[in-house]
Amino acid sequence: MNSFDGYVGIRIWDGQLVNDSIFALLLALLIMFALVYRSNYRLFSKMVRDVFYLKERLSLFETVIGNEFVFRNFMIFQSLFLTTLSIFAVGHVYRLFEFSDIRANLVLISIIFLCVVLYYYFRQFLYGLMGFVFTDPEKYKFWKTNYYAITGFWGVWLYIPVFWLVFIGNYIEIPLTLFVVWYILYRFWLIYKSVRIFHIRNVGFIYIFLYLCAQEILPLLFIYKGVVYLYNVIEKSAIWH
């Protein structure tokens, strides 16, 4: 007599585990963002003002309540992590890497995030070097405040292409175009703010010229080489095969 095992369900398709892992990470990040925003909403408002206005000193009547260190570092982390998820999701959609194992996906996400973080801190090193050589500490500190504000604001907008990649999945060109366009606007707005801050001093033009060469051209070459190297490692490694 044949035993009946009952309804065994529908087989999970290969991309389901990938989407589930990205969704879990994105949900955790969104919850953390909601908590940080709730306890630091005045800092968030100040960040938005810093994006659009140049104001070196706070008003005596303006008090900012919140943990600025936690808020600033979380906003930077959020921008870098959403960039990581965007790269991973686009690579999965275009079948640059296809893994059904959750562990392999998490390892790859960690590697991409590490590359993005190293790229970010490499730029910070160049920023600090040029700021130390070509400008005074107060002016550089003011520029860094604007830099953190623009980067954090850009990171908030990254939720749109990432959500599109995770929940919609079709018309991949739309979120990819949004990501590229917003990144270009983000870099151009940094250049505009840099010109506004440093154009008064004579050496400010030298600083801007070095900024364009060292910050907008050289790092892109490094990240291109890094992506090519990462792709070659994945192709040759037995971990993902």
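Student: Which element of the chain has the highest mean pLDDT, and which has the lowest?
Tutor: Over the chain the mean pLDDT is 76, and 66% of the residues reach 70 or more. Where pLDDT is low, the predicted coordinates should not be read in detail. The highest mean among the elements, 89, belongs to helix 5, and the lowest, 56, to helix 8 (residues 203–216).

Student: What percentage of contacts between residues at least 6 apart in sequence join residues at least 24 apart?
Tutor: The chain has 241 residues, and 39% of them are buried. Among the contacts between residues at least 6 apart in sequence, the part that joins residues at least 24 apart is 79%.

Student: How are helix 2 and helix 5 oriented to each other: roughly parallel or roughly perpendicular?
Tutor: Two packed helices are described by the angle between their axes and the distance between the axes. Here the axes of helix 2 (residues 41–52) and helix 5 (residues 137–157) come within 8 Å and cross at roughly 110°. Angles of 65 to 115 degrees count as roughly perpendicular, so helix 2 and helix 5 are roughly perpendicular.

Student: How many nonpolar residues are in the contact of helix 2 with helix 5?
Tutor: Helix 2 contributes Phe 44, Lys 46, Met 47, Val 48, Asp 50, Val 51 and Phe 52. From helix 5 come Thr 145, Asn 146, Ala 149, Ile 150, Gly 152, Phe 153 and Val 156. By class, the contact has two charged residues, three polar and, as the number asked for, nine nonpolar.

Student: Is Asn 146 buried or exposed, and which backbone oxygen does its side chain reach?
Tutor: Asn 146 lies in helix 5. Its relative accessibility is 2%, so Asn 146 counts as buried. Leaving aside neighbours within four places in sequence, its contacts are Asp 50, Tyr 53, Leu 54, Lys 193 and Ile 197. The side chain of Asn 146 reaches, at 2.8 Å, the backbone oxygen of Phe 142.

Student: How far apart in space are Asn 146 and Asp 50, C-alpha to C-alpha?
Tutor: In sequence, Asn 146 and Asp 50 are 96 residues apart. From C-alpha to C-alpha, the distance between Asn 146 and Asp 50 is 5.9 Å.

Student: Which backbone oxygen does the side chain of Lys 193 reach?
Tutor: Lys 193 is in helix 7 (residues 173–198), and with 2% relative accessibility it counts as buried. Not counting residues up to four places away in sequence, Lys 193 touches Asp 50, Val 51, Phe 52, Tyr 53, Leu 54, Asn 146 and Ile 150. The side chain of Lys 193 reaches, at 2.6 Å, the backbone oxygen of Asp 50.

Student: Where is Ser 79, and which residue's backbone oxygen lies 2.9 Å from a polar atom of its side chain?
Tutor: Ser 79 is in helix 3 (residues 68–93). Its relative accessible area is 1%, under the 20% limit, so Ser 79 is buried. Beyond four places in sequence, Ser 79 is in contact with Thr 151, Gly 152, Trp 154, Gly 155 and Leu 158.

Student: What separates the C-alpha atoms of Leu 165 and Ile 22?
Tutor: Leu 165 is found in helix 6 (residues 159–168) and is buried, with a relative accessible area of 7%. Among its contacts, leaving aside neighbours within four places in sequence, are Ser 86, Ala 89 and Val 90. Leu 165 and Ile 22 are 143 residues apart along the chain, and their C-alpha atoms are separated by 9.8 Å.

Student: Which residues does Val 36 touch, not counting residues up to four places away in sequence?
Tutor: Val 36 is in helix 1 (residues 16–39). At 13% relative accessibility, Val 36 counts as buried. Beyond four places in sequence, the residues that Val 36 touches are Phe 71 and Phe 74.

Definitions and conventions: Residues are numbered from 1 along each chain as its sequence is written. This is a predicted model: local features need pLDDT of at least 70, side-chain atom pairs count only at pLDDT 80 or more; totals for chains, interfaces and linings use all residues. Side-chain values use heavy atoms; hydrogens and water are left out. Axes are lines fitted to C-alpha atoms, for helices over the stretch in contact, and angles run from 0 to 180 degrees between N-to-C directions. Helices (H or I, at least four residues) and strands (E, at least two) are DSSP runs, numbered from the N terminus. Angles under 35 degrees count as roughly parallel, over 145 as roughly antiparallel, 65 to 115 as roughly perpendicular and the rest as oblique. Contact means heavy atoms within 4.5 Å. Ala, Val, Leu, Ile, Met, Phe, Trp, Tyr, Cys and Pro count as nonpolar, Asp, Glu, Lys and Arg as charged, and the others, Gly among them, as polar. pLDDT is the predictor's confidence in each residue, from 0 to 100. Buried means under 20% relative accessible area, exposed over 50%, partly exposed in between (1.4 Å probe, protein chains only). A polar contact is a pair of N or O atoms within 3.5 Å; within protein, one must be able to donate a hydrogen and the other to accept it, and residues adjacent in sequence count only if both atoms are side-chain atoms.
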